[in-house]
Amino acid sequence: MQATEMDQPDLQTLPVQADGTDGNCVTFVLHDEDHTLGNSLRYMVMKNPDVEFCGYCITHPSESKINFRIQTRGSLPAVEPFRKGLNDLMGVCQHVLNTFEKSMKEYRAQREEEMQ
Amino acid sequence: MAAKRRTDEMRDRVVLGEFGVRNVHTTDFPGNYPGYEDAWDQRRFEEEFRVDVIREEEGTLEFDMVGIDAAIANAFRRILLAEVPTMAVEKVFVYNNTSIVQDEILAHRLGLIPIRADPRLFEYRNQGDEEGTEIDTLQFQLKIKCSRNPQAAKESSDPNELYFNHKVYSKHMTWVPLGNQTDLFPDADFRPVHDDILIALLRPGQEIDVLMHCVKGIGKDHAKFSPVATASYRLLPDITLLQPVEDEAAELLQKCFSPGVIEIQNIKGKKVARVANARLDTFSREVFRHEGLKNLVRLARVRNHYIFSVESTGILPPDVLVSEAIKILMGKCQRFLNELDSVPME
């Protein structure tokens, strides 16, 4: 088992490789994160048909870090669904933000009309 | 057909049974259901997603988010509670406190007072920095002394008549600009959100003279930094009558639900019950206590329809809070994407 340790002081993710060196199954350690990002990212990664397994766990409630594991079908490196999941989640948030702001504007415009 | 209906129910309803809740977890992942396209499709998501603002009053916002999953809706709720930053009193320098309220209790109370200051104008304080600079600190002063009123009537026992300044309110907190803050914020009015928060009670001769430093923080660190009184969501209720319900049963059914949910119509002389507005129900499950009614109704919730209710403490308006929460989630993703790009993965 090869643990790729980076010794940069403020690294936020430390990938720990397991099950061989082909990179299909990787456990990422995300620091300063909890269910907020863990569960939403897990949902986005699970929506990817190339992913065989995706799960996260909080190692200990006193430490704020999560183990995020991705196993892919075939020979796709696990970093790819991770990256795609993050990008998809960004896309979702962007769309939610745009839709929400548009709805707020419409609601306020409609209330202005009703007041007059 | 029945099988498809059952699968559809499993996919998009959470069913409340008599003794338990069924279909709780999201199962629509690729490969689980043959014949359904479940892989992530941004275009399909954008077509089906919508936000409906129901009500906006001062400080409260109620809106619906339809077409999103529990994981993401919950992420927004958690961020609203714990990760949207605000300014709150962190350090209290006590120069004189002869009141009956102990220093630490007074400091705790001052910390919980919501401060009307847009946190986006300030930076976080650097760790280890004790004094604070003008870009990360707001200074307030509370200096008040209670004295006896010489004009009070001899037999009066009303403290309002007998003493001056015996109640210390949050309106007695004054902003003391640091450095160049008067130039940075020329028309800003930094003060507590509410003027009538009672901080302490004094009697003649007692005084409080403290200086307070407000810093930017998040709810995860201390609940005083949380910008919402509360932020919560519930799923849209879905009540279906499996068989027609008439006469006394209809009356009883109407009483089992919150007012306005079931309405009785008069069809050909008979009283027939109909689901008028399931959204109003709070699901007390009273139907299950009546043997004759419990098999006639299906109580469920629509899995992807979230009714959010955000109540702000007054620091920022609730719609700004929701926008900030969404941006914070985007910021988290961006942080990890930057990490992935900067560090070569082996």
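**Entry 1: the model.** I'm working with a predicted model here.

**Entry 2: domains.** I looked up how chain B is divided and found two domains. Domain 1 takes in 2–82, 231–242 and 296–308, while domain 2 covers 86–224. I then checked the spacing: the C-alpha centres of these two domains of chain B lie 44 Å apart.

**Entry 3: overall shape.** The C-alpha trace of chain B spans about 85 × 75 × 35 Å along its principal axes.

**Entry 4: make-up.** I counted up the secondary structure of chain B and got eight helices and 18 strands. In chain B, of the contacts between residues at least 6 apart in sequence, 73% join residues at least 24 apart.

**Entry 5: surface and charges.** Chain B has about 18,100 Å² of accessible surface, and carbon and sulfur atoms account for 50% of that. Buried residues are 46% of the 346 in chain B. I also looked at charges: chain B has 44 positive and 55 negative ones, and their mean positions are 6 Å apart.

**Entry 6: S258(B).** Where does S258(B) sit? I found S258(B) in the loop between α7 (247–256) and β16 (262–267) of chain B. Is S258(B) buried or exposed? Its relative accessibility is 16%, and buried means under 20%, so S258(B) counts as buried. Leaving aside residues up to four places away in sequence, I see S258(B) touching L280(B), D281(B) and T282(B).

Terms used. Residues are numbered from 1 along each chain as its sequence is written. Chains are lettered from A and ligands numbered from 1 in the order in which they are written. This is a predicted model: local features need pLDDT of at least 70, side-chain atom pairs count only at pLDDT 80 or more; totals for chains, interfaces and linings use all residues. Side-chain values use heavy atoms; hydrogens and water are left out. Domain bounds come from an automatic or database domain assignment. Helices (H or I, at least four residues) and strands (E, at least two) are DSSP runs, numbered from the N terminus. Buried means under 20% relative accessible area, exposed over 50%, partly exposed in between (1.4 Å probe, protein chains only). Contact means heavy atoms within 4.5 Å. Accessible areas come from the Shrake-Rupley method with a 1.4 Å probe; for residues, only the protein chains shown count as cover. Lys and Arg count as positive and Asp and Glu as negative; His and the chain ends are not counted. The place of a charge is taken as NZ of Lys, CZ of Arg, CG of Asp or CD of Glu.
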